[in-house]
Amino acid sequence: MRAINISIMVLRVAVLLALLLGILFWTGNAQNLTLIHMLLGFIVVISLWVIGLAQGFIKGGSFGLAIATFVIGLILAIVDLYQTRWLIGSTHWVIQVIHLLLGLSAIGLGEMITARTKRRLRGTEVQRQLS
C-alpha cells in the first residue's frame with residue numbers, strides 16, 4: 001500500500017504541474033518549457049503504472065485495472081511523443097484535447113484504483129478483527 005500512496009501523490013503533483021504548463025502552452029506562453037512538460041508526462045505514466053502494478057499484486061486486486069493503467073499510460077506516452085506531427089495546422093487542437101483528456105483519465109484512473117484499494121484493505125482489516 002505504501003507504493004500506491006507514494007505513487008498517487010507523485011501522480012497528483014505531476015498531473016497538476018503538467019496541466020499548468022499545458023495551459024501556458026495553449027495560451028502561447030512558455031514554449032521553452034516543453035521538455036519539462038514531457039518529463040512530467042513521463043512521471044505521470046510511470047507513477048500510473050506503479051499504481052496499477054502494485055494494486056495488481058494486492059490480494060483481491062484487479063488484473064483488468066492493472067492492464068487499463070498500462071494501456072492508458074502507453075497511449076498517453078505515444079500521443080505525448082508524436083502529437084506535434086499529427087493534424088498540423090488549424091485542426092491541431094483536436095490532438096491537444098485528446099492529450100488533455102488522456103492526462104485527466106490517467107489521474108482519474110489512479111485516484112479510482114487508490115480509493116478502491118484502500119477500501120478493500122480496510123475491509124480485510126475489519127474482517128480480521130471480527131474473526
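Colleague: By class, what lines the largest cavity?

Modeller: A cavity is a set of points on a 1 Å grid over the protein atoms alone, where a 1.4 Å probe fits but cannot get out; lining residues have an atom within 4 Å of a point. Ala, Val, Leu, Ile, Met, Phe, Trp, Tyr, Cys and Pro count as nonpolar, Asp, Glu, Lys and Arg as charged, the others, Gly among them, as polar. Here the lining has 1 nonpolar, 4 polar and 2 charged residues. They are Q55, I58, G60, G61, R116, T117 and R120. This is a predicted model: local features need pLDDT of at least 70, side-chain atom pairs count only at pLDDT 80 or more, and totals for chains, interfaces and linings use all residues. Residues are numbered from 1 along each chain as its sequence is written, and side-chain values use heavy atoms, with hydrogens and water left out.

Colleague: Which helix gives the largest share of that lining?

Modeller: Helices are DSSP runs (H or I, at least four residues), numbered from the N terminus. Helix α4 (residues 92-130) supplies 3 residues.

Colleague: And the largest pocket: what classes line it?

Modeller: A pocket is an open set with protein on both sides within 12 Å along at least five of seven lines. Its lining has 12 nonpolar, 11 polar and 1 charged residues. The largest share, 7 residues, comes from α1.

Colleague: Which residues does L11 touch?

Modeller: Contact means heavy atoms within 4.5 Å. Not counting residues up to four places away in sequence, L11 touches V44, S47, I51, A106, I107 and G110.

Key
Helices (H or I, at least four residues) and strands (E, at least two) are DSSP runs, numbered from the N terminus.
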